[in-house]
Amino acid sequence: MIFSKKKKDEQPASEPDLVKEEKQDLKLEKEVHNEKLLSVVNVERVFQAGGAPLRVLKGINMELRQNQLVMLRGRSGSGKTTLLNCLGGLDTPTEGEIWFNGRPFHKLSDDKRTLVRRKEMGFIFQAFALMPLLSAKENVELSLRMAGVPRGTWKERVDHCLELVGLEKRMNHRPFELSGGEQQRVAIAKAIAHKPILLLADEPTAELDSNMAAQIMSVFKTIIRTEQVTICMTTHDPTIMEVADHVYEMVDGKFI
Ligand SMILES: Nc1ncnc2c1ncn2[C@@H]1O[C@H](COP(=O)(O)OP(=O)(O)OP(=O)(O)O)[C@@H](O)[C@H]1O
Ligand SMILES: [Mg+2]
C-alpha cells in the first residue's frame, strides 16, 4: 500500500504530505525486503561414494531475504538439489556455514534441525510427494499435525490454503483423482499450511505444461505477498526465471 487510508472526517493530506508518506512507506517496504533470512557462507559438500571423494558443492555463497522469490538454475548434475537439501537441513555441508533466521543451522543437532524444519520450512518436490490414500484436505492437515499446530485451528487453515491455490472445490479428492497441476497445488497448500518462513521447491514445475507452470508461479507470487514467505526453487525453465527476484546460476558446484 502506498498511501495510508484517511478517515472521512479528516482533512485531506496536502501534496507534500502524501509524497512524504509515500517515501516512508517505500522505505519501510525496502527495510522489510532487505532483512536476511538465510545466509550461506563458503559451503562445500563432498560425498564419499565408491572410493574417491566427490566434490559436489565447491564454495557456495548466497543470501535469501524476506519475501523474495529466488531461483537456482544449472545443468543436470551441477549440484542444485544437493544445495537445496543443505539449505533445508535434509543434508549438512562438509564445510562452511548456513545461518537460518539468526541460527547457525550447520551446528544444530539433527533433532533440533528437524524441529526447525518442521515448524519454519516447507518443501515442495518435483513429484508432488502427496500421501496417495489421503484426500487433498487430509494431506494438508498432515503437515499441521507434523508441525504441532493445535487441532482446533486446522479446518480454517486448511480451507484457507486450499482456497489460496484455487482448489477449494477439490478438497475431498485423493491425488489420483486430481490432474498433475492440481496435485502440485495441493503440495503447495500442504507446504505452506503451517506458515513456514521459507519454502524450498525442487523443480516444482518440471512435470507440468507451460500453462500449469505459469499458474504455479502465480500462486507462488500470491503466497509471497499474502503469507510472508520466501521461496527458493530450482528450475530449468528460462520463461519461469523472468519472475524471479534473483537467479543464481550454478555450474559444476559453483555460482558464476
Ligand atoms: N548422496 C550422494 N552420494 C554421492 N553422490 C551424490 C549424492 N547426491 C548427489 N550426488 C552427486 O552429486 C552431483 C550433483 O547432484 P544433484 O542432484 O545435486 O544435481 P542437480 O543439479 O540437482 O541435477 P538435476 O538437474 O538432474 O536434478 C551428481 O553428480 C550426483 O551424482
Ligand atoms: Mg536436482
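Student: Okay, so two strands count as paired if DSSP finds at least two bridges between them; then which residue in β2 is the bridge partner of valine 46?

Tutor: In this structure, which is a predicted model, the bridge partner of valine 46 in β2 is arginine 55.

Student: And how many bridges join β1 to β2?

Tutor: Ten bridges join strand β1, which covers residues 36-48, to β2, and the two strands run antiparallel. They form a hairpin with four residues between them, and in that turn glycine 50 has a positive phi of about 55°.

Student: What holds strands like that together, in general?

Tutor: Strands of a sheet pair through backbone hydrogen bonds, and the pairing can be either parallel or antiparallel.

Student: What's the strand order in the sheet of four strands?

Tutor: The order is β2-β1-β4-β5, in an open sheet with antiparallel pairing. In that sheet β2 and β5, the latter being residues 103-104, stand at the edges with a single partner strand each, so one side of each is left without a neighbour in the sheet.

Student: How many bridges join β1 to β4?

Tutor: Five bridges join β1 to β4, and these strands also run antiparallel. As an example you can look for in the structure, serine 39 has tryptophan 99 in β4 as its bridge partner.

Student: Which residue of β5 does tryptophan 99 stand opposite?

Tutor: Tryptophan 99 stands opposite proline 104 in β5. Strand β4, residues 95-100, is joined to β5 by two bridges, again in an antiparallel arrangement.

Student: Let's do the sheet of six strands, what's its order?

Tutor: That open sheet has the order β6-β7-β8-β3-β9-β10, and its pairing is mixed. Here β6, residues 121-124, and β10, residues 254-255, are the strands at the edges, and each has a single partner strand, so one side of each has no neighbour in the sheet.

Student: How many bridges do β9 and β10 pair over?

Tutor: Strand β9, residues 246-251, pairs with β10 over two bridges in the antiparallel sense, and valine 251 stands opposite lysine 254 in β10.

Student: What's it in contact with, leaving aside neighbours within four places in sequence?

Tutor: Leaving those neighbours aside, leucine 37 is in contact with Leu64, Arg65, Gln66, Asn101, Ile197, Leu198 and Thr230. Leucine 37 and threonine 230 are 193 residues apart in sequence, yet their C-alpha atoms are 8.2 Å apart in space.

Student: What share of contacts in the whole protein join residues that are at least 24 apart?

Tutor: Among contacts between residues at least 6 apart in sequence, 71% join residues at least 24 apart. For the protein as a whole, 34% of the 256 residues count as buried.

Student: Now glutamate 120, where does that lie?

Tutor: Glutamate 120 lies in helix α3, which covers residues 110-120. With 17 C-beta neighbours inside 10 Å, glutamate 120 counts as partly exposed, because that class falls between the exposed limit of 12 or fewer and the buried limit of 20 or more. Its contacts, apart from neighbours within four places in sequence, are Asn101, Pro196, Ile197 and Leu198.

Student: Which residues of helix α5 are buried?

Tutor: The buried residues of α5, which covers residues 154-164, are Val158, Cys161 and Leu162. They cover an arc of only 95° around the axis, which puts them on the same side of α5. These buried residues pack against α4 (136-146) and α6 (180-192), and α5 is followed by glycine 166, whose phi is positive, near 75°.

Student: Last one, what surrounds ligand 1?

Tutor: The residues around ligand 1 are Phe47, Ala49, Leu54, Val56, Gly74, Ser76, Gly77, Ser78, Gly79, Lys80, Thr81 and Thr82. By type, this shell divides into four nonpolar, seven polar and one charged.

Student: Which element supplies the largest share of that shell?

Tutor: The largest share, three residues, comes from α2. Both α2 (80-87) and β2 (53-65) supply at least two residues of the shell.

Note on methods. Residues are numbered from 1 along each chain as its sequence is written. Chains are lettered from A and ligands numbered from 1 in the order in which they are written. This is a predicted model: local features need pLDDT of at least 70, side-chain atom pairs count only at pLDDT 80 or more; totals for chains, interfaces and linings use all residues. Two residues are in contact if their C-beta atoms, placed from the backbone, lie within 7 Å. A residue is near a molecule or strand if its C-beta atom, placed from the backbone, lies within 6 Å of it. Ala, Val, Leu, Ile, Met, Phe, Trp, Tyr, Cys and Pro count as nonpolar, Asp, Glu, Lys and Arg as charged, and the others, Gly among them, as polar. Two strands pair if DSSP finds at least two bridges between them. The arc is that of the directions from the helix axis to the C-beta atoms.
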